[in-house]
Amino acid sequence: MKNSIHRVTRWDTFLGTSLVLALPGAVAAAVVDGPFSSATVRPDSPVEEWSVINGGTLIVSPGGQTFDIGLRMGSTAELDGATATGRERIEALRLDASTATVADSVLSAPTAIGISLVAGAPAVRTLTNSTVTGFGRGI
């Protein structure tokens with residue numbers, strides 16, 4: 001079986017030139033891809049954007065922090081005592097035909113919806129003793 005976790009760096013570009021510059025604000029992104037792939041975010045883990053696809057699993061343990069989390073195609077996320085913060089115009093948690101269990105956590109998106117469920121795709125979310133905030137609405 002294929003297990004894969006990919007890390008990529010998103011680069012901000014300077015408008016008006018053909019150069020790509022690495023700016024201090026660049027955000028690292030991690031991908032969990034496949035039904036037998038998983039990753040765990042701990043308090044000492046770097047704060048990253050996460051994309052979990054094709055049945056992968058992301059666990060954010062107590063004290064763990066992430067930027068936005070995107071779940072697609074039968075993937076799972078478990079957040080317990082975690083903090084997830086959506087970046088500019090991006091949800092803190094997005095579910096597309098996936099499942100999320102959130103307990104004792106804080107999810108916030110200052111310029112987007114805190115949690116979004118993709119229309120027409122089955123998604124399951126369980127929230128327990130957590131706070132969800134977003135621009136205009138939390139969910």
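**Terms and the values behind them**

Author: Glu91 is buried, its relative accessible area being 17%. The model is a predicted one.

Reader: Why is Glu91 called buried?

Author: Buried means under 20% relative accessible area. Glu91 has 17%, so Glu91 counts as buried.

Reader: Why is the pair of Glu91 and Arg94 called a salt bridge?

Author: The limit is 4 Å between a side-chain nitrogen of Lys or Arg and a carboxyl oxygen of Asp or Glu. In this pair the closest N and O atoms are 3.2 Å apart, so the pair qualifies.

Reader: What makes Glu88 and Arg89 exposed?

Author: Exposed means over 50%. Glu88 has a relative accessible area of 51%, and Arg89 has 65%, so both count as exposed. Their side chains also meet in a salt bridge, at 3.5 Å from N to O.

Reader: How do you know that Arg87 forms a salt bridge with Asp68?

Author: The closest N and O atoms of Arg87 and Asp68 are 2.8 Å apart, and the limit is 4 Å, so the pair meets the definition. Arg87 lies in the loop between strand 9 and strand 10, and Asp68 in the loop between strand 6 and strand 7, so the pair ties together parts that are 19 residues apart in sequence. Both Arg87 and Asp68 are buried. Together with Glu49, they are linked in a network of salt bridges.

Reader: How many salt bridges does the structure hold?

Author: It holds four salt bridges.

Reader: What makes strand 5 and strand 8 a pair?

Author: Pairing needs at least two bridges. Four bridges join strand 5 to strand 8, so the two strands pair, and they run parallel. Ile59 has Glu78 of strand 8 as its bridge partner. Strand 8 is also joined to strand 11, by five bridges and again in parallel. There, Thr76 stands opposite Thr99.

Reader: Which residues of strand 8 lie on the covered face, and which on the uncovered one?

Author: Ala77 and Leu79 are on the covered face, while Thr76, Glu78 and Asp80 are on the uncovered one. In a regular strand, side chains alternate between the two faces of the sheet.

Reader: Where is the predictor's confidence under 50?

Author: Over residues 6-24, pLDDT stays under 50. The mean pLDDT of the protein is 84.

Definitions and conventions: Residues are numbered from 1 along each chain as its sequence is written. This is a predicted model: local features need pLDDT of at least 70, side-chain atom pairs count only at pLDDT 80 or more; totals for chains, interfaces and linings use all residues. Side-chain values use heavy atoms; hydrogens and water are left out. Buried means under 20% relative accessible area, exposed over 50%, partly exposed in between (1.4 Å probe, protein chains only). pLDDT is the predictor's confidence in each residue, from 0 to 100. Contact means heavy atoms within 4.5 Å.
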